[in-house]
Structures are given as structure tokens and as C-alpha cells.
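Subject: Structure handover

Hello,

The structure is pasted below, followed by notes on what turned up in it. Please keep the file with your own records.

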Amino acid sequence: MARSVLDSGLRELNTELIEMGALCEKVISLADKALMEGNSEAAKEGIALQDEAQEKGRTIESLCMKLLLTQQPFAQDLRAVSAALKMITDMNRICVIGGDMCDVITFMDGKPGTASLSRMAVETSSMVSRAIDAFVRQDVMIAHQVIKSDDSVDELFVRTRNEIVDMITEDKANGEYAVNLVMVAKYYEKIGDHAVNIAQWVTYAVTGVKPSAKA
């Protein structure tokens, strides 16, 4: 009986994490839409999404504590719940970063971003999605792929930064616009870092060993 209650709670936890992951993906998508299309409504929606994400985070934290206190899970189940608590911190940060990014974009007067920035949005969103999928499936291989994908995000950041430097060189009047673009690129890079953290916690949940953070 106790095992079935624990299993039901773990399934609920997976569902809640998937929904939280969807919020992370949504705020990244809204930021990309706001930037590439000059869509101010998308930016406003992304900023407002922070509150919903925080509420979802609190719900998941409460569920985790309930499982720890009432079901007293052992071994891999205990690691899974403990890892979920850590993952929520990173997922909340992703939503906050996404909202902050949308806030920056509102000051860009509808000027579009670069193609490489849009690619960073796609890549980081995929990393978050796959990291959550890795947790639900308890699949270390997927988690390792997410960690490896951070190299692509780093490369895109360098490419974007170089493009922006060229933009300023061509016309110094682009200075303020360029600074905002660099901020957006840095936000995407940070989202990639948080996705890596999530993947590392997935590895811990399955194996009991958390990979070292990248230097």
C-alpha cells in the first residue's frame, strides 16, 4: 500500500515537473518572439509568466516535502525527490531570466535580434526540454547529451558577440542596441548553464553521483 502511494506521488511529481518545464520553454519562446518580431505583447506575457512559474515552483516544493516527510523514500526514490528540489531552483531561475530578458527587449524599440540569437533560443529551449525528459525517463544518456549541448550554446554566444562587435564597428550609433543584444545573448547562455545543472541533478538521481560543474 505504502509503495503504491509513493509511486503515485512520484508520478505526480513528474507531471508537475513537465508542466514547469513547459513554462520554461514558453518564456524562452516568448522572448525569442518578442525579439525577432518586435512583439511587445509577447514580451509583456513573458514578464508576467514569472509569477506563474514561482507558484508552480512552490507547488512542486510542497509535493517534494510531502513525499519526504510522509513516505520516507529510500535509495533512488530519495535521490529523485532530492534532485527535483534542486532542479526547481534552476527552473525558477530560467523563468526569471526569461522574464528579465523580455524586460530588456521592451527597451529595444522593436529592433530585431540576430539569427544566431534565435538559434540560441532554440538550443536552450531544447536543452531544458531534454533535461526534464531525462528526469522523467531516469535516462543518464539524455542528461549527458544535454550537458554536451552547452558547448553549442557557448559557441553561439561567441558568434553572436562577434557579430555585435562588427555591428558597432560599422556604426557607433548602434551602441545602445548592441549592448542590449549582448545582454540577451548572456541571458541565453545562463539558461543553458541552468539546463546543464538540471541534467547534472538527473545524473545524481539515477547514479548517486553528480558530475562536476564545468570550469
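Two rings of Phe, Tyr or Trp (for Trp, the six-membered ring) are taken to pair if their centres lie within 6.5 Å. The model is a predicted one, and it holds one aromatic pair. The partners are W201 and Y204: their ring centres are 5.6 Å apart and the planes stand at 90°, so the pair is edge-to-face, the class for planes over 60 degrees apart.

Both W201 and Y204 belong to helix α6, which covers residues 175–207. They are three residues apart, about one turn of the helix. W201 has a relative accessibility of 17% and therefore counts as buried, because buried means under 20%. Y204, with a relative accessible area of 23%, is partly exposed.

W201 also has a charge over its ring: the charged end of K210 sits there, 4.9 Å from the ring centre.

The remaining item is Q50. This residue lies in helix α2, residues 40–71. Is Q50 buried or exposed? Its relative accessibility is 17%, so Q50 counts as buried under the 20% limit. Leaving aside residues up to four places away in sequence, what does Q50 touch? The contacts are C95, V96, G99 and D100.

Regards

Note on methods: Residues are numbered from 1 along each chain as its sequence is written. This is a predicted model: local features need pLDDT of at least 70, side-chain atom pairs count only at pLDDT 80 or more; totals for chains, interfaces and linings use all residues. Side-chain values use heavy atoms; hydrogens and water are left out. Helices (H or I, at least four residues) and strands (E, at least two) are DSSP runs, numbered from the N terminus. Buried means under 20% relative accessible area, exposed over 50%, partly exposed in between (1.4 Å probe, protein chains only). Contact means heavy atoms within 4.5 Å. Rings of Phe, Tyr and Trp (its six-membered ring) pair if their centres lie within 6.5 Å; planes under 30 degrees apart count as stacked, over 60 as edge-to-face and the rest as tilted. A charge sits over a ring if NZ of Lys or CZ of Arg is within 6 Å of the ring centre and within 35 degrees of the ring normal.
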